[in-house]
Amino acid sequence: MSDVVVENLARHWGPTKALDGVSFKVEAGSFAVLLGPSGCGKSTLLRLIAGLETPTGGSIRIAGKDVTGLPPAKRGIAMVFQSYALFPHLSVAQNICFGLEVRHVDAAERKRRLERAAELLGLTKLLDRKPSQLSGGQQQRVALGRAIVAQAPVCLMDEPLSNLDAQLRHEMRLEIRELQRRLSMTMIYVTHDQVEAMTMADQVVLLRDGRIEQDAAPDELYANPATIFAARFIGTPPMNVVDLDDAGHIAETQGGAGALGVRPEDIVVVPHETPGAIQARVESIEYLGADTLIAARKGAGRLVARVPGKAKIEAGAAIGLAWTQEAQHIFDNRTGRRVADPPA
Amino acid sequence: MSKARATIYGWLLLGPAFVLLAAFTHWPAIATLYHSFHSTARRNRPSVYVGVDNYQGMIDDPVFWQALINNFWYAVGTIPVSVALAMLMALWVNEKLAGRTWLRLAYFTPTVLPMIAVANIWLFFYTPDYGLFDQIRGLFGLRATNWLGEPGTVLGCLIVMTIWKEAGFFMIFYLAALQSMPPNLAEAAAIEGCGRWTFFRRVTFPLLMPTTLFVLINAIIGAFRMVDHVVALTAGGPNNASMLLLVMIYDVAFRYWDVAYAATLTVVLLAILGTVALIQFVVLEKRIHYR
């Protein structure tokens, strides 16, 4: 079991700062997700931890040992690539055992580990096939198998599910999480998909423009987003964030010192003119089956409410919107950061 | 569309390619075979069927055997070295190094040059006394050598020049194959602690095999098709020491006008090349992974 500590890590290409001042810690045996939009530096961060790129500053420690200057093979890691990086001319068994052969693990031990991994991943009948004879999901499993047999304490994954269809992605999500727990690996997993992050992670490191936006557990990230960016990135649909005027009401025009955030499921639709409710006009309605998304306009702001079942409201109708004090998140519009919650 | 119409369309589409192939490949091949069993027509003696007389004459011809043996050594001397060099150079210029575009261009230059120009450059290199090689040897006090005039050195001279010319050409194919190889294969191997040599032996080399087969076939055909450099440098001499099969066919056909004998030699050349290609495909095909 190894923890991973990243301190003040930076990767600059000339004036471009792909990563700057990134620090976080992943506890041994936990599942950390590096989350962010494309170009935020999450893949670069993973490649730095793997040793495939050299940092321009900062340090990386794995299991207490400084590995910043070590080659990938000496870091005690395994890695699964987005495109799987399977060797096309080798069979499934040869692909899985490639690293063990290179490391001169003896044949009996190789066979034992291969059989275990194949059983774990349901690849037993496919061991003689070539990668080109496998489906996307099966190729993904072979890539996982290669990471498992290495028995490295830390496993890195770079968007491993992005080439799979939605159904398969859902299954693999559960499977990878299950594997990580069973083998008690320390996992660092890169994705741009917030659903993957929320469902799999013990810890989410949200990145933006090469910096950490928030580093927290999924429930904390959801309940207490530290910034407007974090608030808008997490949740389907994401949190409503509208500008506030100086009096603390939803602004009639764009801009204002403060911003108010509220999650769609925390909004209750009440009759128009209800005292204390926000008076708004319905712009669009999206029926999803289990619930309905109602988008309503109030001043310069647009608020989406998630109500259960099928709502009997037409576009253009005047409605009231209400939510509790606790559901409200206040942000500073200039810094983009959360304003400390008022004492209850 | 009716079946008859479809048939007509089919033949019309096939037509141009078929006519060209038939006129310039199939018909000449059959004609060559036909001529090899007939005597050469002279002014008052028309061509007649002579059975295997031409082949018998060929077997009794010491020049033929000399050309065949020369060609064998020429192929053995040029092909492995130029293919290995091509792979090495491709691996090198595929690395991230400064000025690699110029390096690639430099390696490819010999292929771009016209063959006669190449022959002339090397004619200067090999010239006794004031040629490049002898000038360098002169610095060490070694005596002048008539590189192209000695039966013992002339074939070696042709081999060296061919390697110089072919390696850059084959390099382009290897470079293209290397460029299409996904870089994360090397990264995946690096994470496993795979060294450069092991990675080459276990991954790069096997994945280059389709290219190697292609290059090998081209190299062998090239080795038996060599004629222009020999004509420009030595004309097959001295004493047939640099005589190759195609040079001999050219001489027999267009200097002595013995069409029947030239046809006989051509049939033998085609048979050799066909056999080699067949062996390569059958033997190597099974061991090659095509992406």
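Predicted model: local features only at pLDDT ≥ 70, side-chain atom pairs only at ≥ 80, totals over all residues.
Reader: What makes the largest nonpolar core a core?
Author: Its members are buried nonpolar residues joined through C-beta atoms within 7 Å. The largest such set has 150 residues, and among those with the most contacts inside it are A:Val33, A:Ile49, B:Leu244 and B:Met248. Helix α7 (residues 151-179) of chain B gives the largest share, 12 residues.

Reader: Why is this core said to lie between domain 1 and domain 2 of chain A?
Author: Happy to explain: domain 1 (4-223) and domain 2 (228-332) of chain A both give residues to this core, so it lies between them.

Reader: How do you know that B:Met248 is in contact with residues beyond its neighbours within four places in sequence?
Author: The test is C-beta atoms within 7 Å. With those neighbours left aside, B:Met248 is in contact with B:Val63, B:Phe64, B:Ala67, B:Met243 and B:Leu265.

Reader: The centres of the two domains of chain A are 38 Å apart over C-alpha atoms. How many residues are in contact between them?
Author: Here 7 residues of domain 1 of chain A are in contact with 5 residues of domain 2 of chain A. On the domain 1 side, β9 (203-208), β10 (211-216) and α7 (218-223) of chain A each give two or more residues. By class, that side has 3 nonpolar, 2 polar and 2 charged residues.

Reader: And what makes up the side of chain A that touches chain B?
Author: In that interface, 17 residues of chain A are in contact with 16 residues of chain B. Strand β6 (77-80) and helix α2 (92-102) of chain A each give two or more residues to the chain A side. By class, this side has 13 nonpolar, 3 polar and 1 charged residues.

Methods
Residues numbered from 1 in each chain as written. Chains lettered and ligands numbered in written order. Buried ≥ 20, exposed ≤ 12 C-beta atoms within 10 Å, placed from the backbone. Helix = DSSP H or I, 4+ residues; strand = E, 2+ residues; numbered from the N terminus. Domains from an automatic or database assignment. Contact = placed C-beta atoms within 7 Å. Nonpolar A, V, L, I, M, F, W, Y, C, P; charged D, E, K, R; others polar.
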